[in-house]
Amino acid sequence: MPSDAELMEASLIAVADAGVELRHPLFARWFAAWPERRATFINVDASSRRMTDETLEMMLGLAKGEELWVGPLVDELAFTHRSYGRLPWAEYESWIDLTIDCIGDTAGTAWSAEANAAWRRQGERLKVLIIAAREDWDRAMPGHILGELPEVLS
Ligand code: HEM
């Protein structure tokens, strides 16, 4: 029985073999779901590369038991994203779900119920970490969010 990491790697190789840059269908679907989010992006080309790569890395890292670096990277993501305002949780959730949907759409015969379950399992773990990181920053630095400056700084 292959591990989650093996199933996930096989589907990523299939996506690469298909010659598809995952970020393109992913951002198209995500912006279609949340059209008002488009304006928050200053540089979609640069950010779409990093957002897509890091999301994949984080899920794969969790599957490989590499919480040691995934945890701090998630903390960093939750902090830097506070600069874009109070991002609704539903958009985060759909970002992760759509990332996996797009892999499934592109991976062809490498996609299976097992591969789907592996990605969804690690996606749910990533969601739990992001929720915790967002809550931690809210506690540590309430007000440190775009548009929510304390009176003395505004
Ligand atoms: C696991 C989830 C996510 C990861 C790993 C991630 C990662 C990243 C990274 C690495 C960047 C580039 C930062 C830079 O180059 O300085 C970025 C930019 C950005 N992300 Fe995310 N992101 C995630 C989810 C989200 C979600 C759900 C939203 C919105 C609801 C969002 C909104 C943005 C925005 C607005 C930018 C700035 C783009 C720009 O100025 O062009 N991200 N993200």
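Which residue's side chain meets that of arginine 50 in a salt bridge? In this predicted model, the partner is glutamate 54, with an N to O distance of 2.9 Å. The two residues are four apart in helix H3, so about one helical turn separates them.

How do the two ends compare in exposure? Glutamate 54 is partly exposed, at 22% relative accessible area. Arginine 50 counts as exposed, because its 57% relative accessibility is over the 50% cut-off.

## Bridges across the chain

The structure has 16 salt bridges, and a couple of others are worth a look. Take glutamate 9 and lysine 64, whose closest N and O atoms are 2.7 Å apart. This pair connects distant parts of the chain: glutamate 9 belongs to helix H1 (residues 4-17), while lysine 64 is in the loop between H3 and helix H4 (67-80), 55 residues away. Both ends are partly exposed, glutamate 9 at 29% relative accessible area and lysine 64 at 40%.

Then there's aspartate 45 with arginine 23, where the closest N and O atoms are 3.1 Å apart. Aspartate 45 lies in helix H3 and arginine 23 in helix H2 (residues 23-33), so this bridge ties together parts 22 residues apart in sequence.

## Around the ligand

Now for the ligand, which sits in the largest pocket. Its shell is made up of 20 residues, and the closest are Ile42, Asn43, Ser47, Met51 and His81. Sorted by class, that shell has 11 nonpolar, five polar and four charged residues.

Which helix gives the most to the shell? That's H3, with six residues. Helix H3 (44-63) and helix H5 (89-106) each supply at least two residues of the shell.

The backbone of asparagine 43 puts a polar atom 2.7 Å from a ligand oxygen. Serine 47 uses its side chain instead, with a polar atom 3.0 Å from an oxygen of the ligand.

With histidine 81, the ligand atom is a nitrogen: it lies 2.8 Å from an N or O atom in the histidine 81 side chain.

Definitions and conventions
Residues are numbered from 1 along each chain as its sequence is written. This is a predicted model: local features need pLDDT of at least 70, side-chain atom pairs count only at pLDDT 80 or more; totals for chains, interfaces and linings use all residues. Side-chain values use heavy atoms; hydrogens and water are left out. A residue is near a molecule or strand if one of its heavy atoms lies within 4 Å of it. A polar contact is a pair of N or O atoms within 3.5 Å; within protein, one must be able to donate a hydrogen and the other to accept it, and residues adjacent in sequence count only if both atoms are side-chain atoms. On a 1 Å grid over the protein atoms alone, a cavity is a set of points where a 1.4 Å probe fits but cannot get out, and a pocket is an open set with protein on both sides within 12 Å along at least five of seven lines; lining residues have an atom within 4 Å of a point. A molecule sits in a cavity or pocket if more than half of its atoms lie within 2 Å of its grid points. Ala, Val, Leu, Ile, Met, Phe, Trp, Tyr, Cys and Pro count as nonpolar, Asp, Glu, Lys and Arg as charged, and the others, Gly among them, as polar. A salt bridge is a side-chain nitrogen of Lys or Arg within 4 Å of a carboxyl oxygen of Asp or Glu. Buried means under 20% relative accessible area, exposed over 50%, partly exposed in between (1.4 Å probe, protein chains only).
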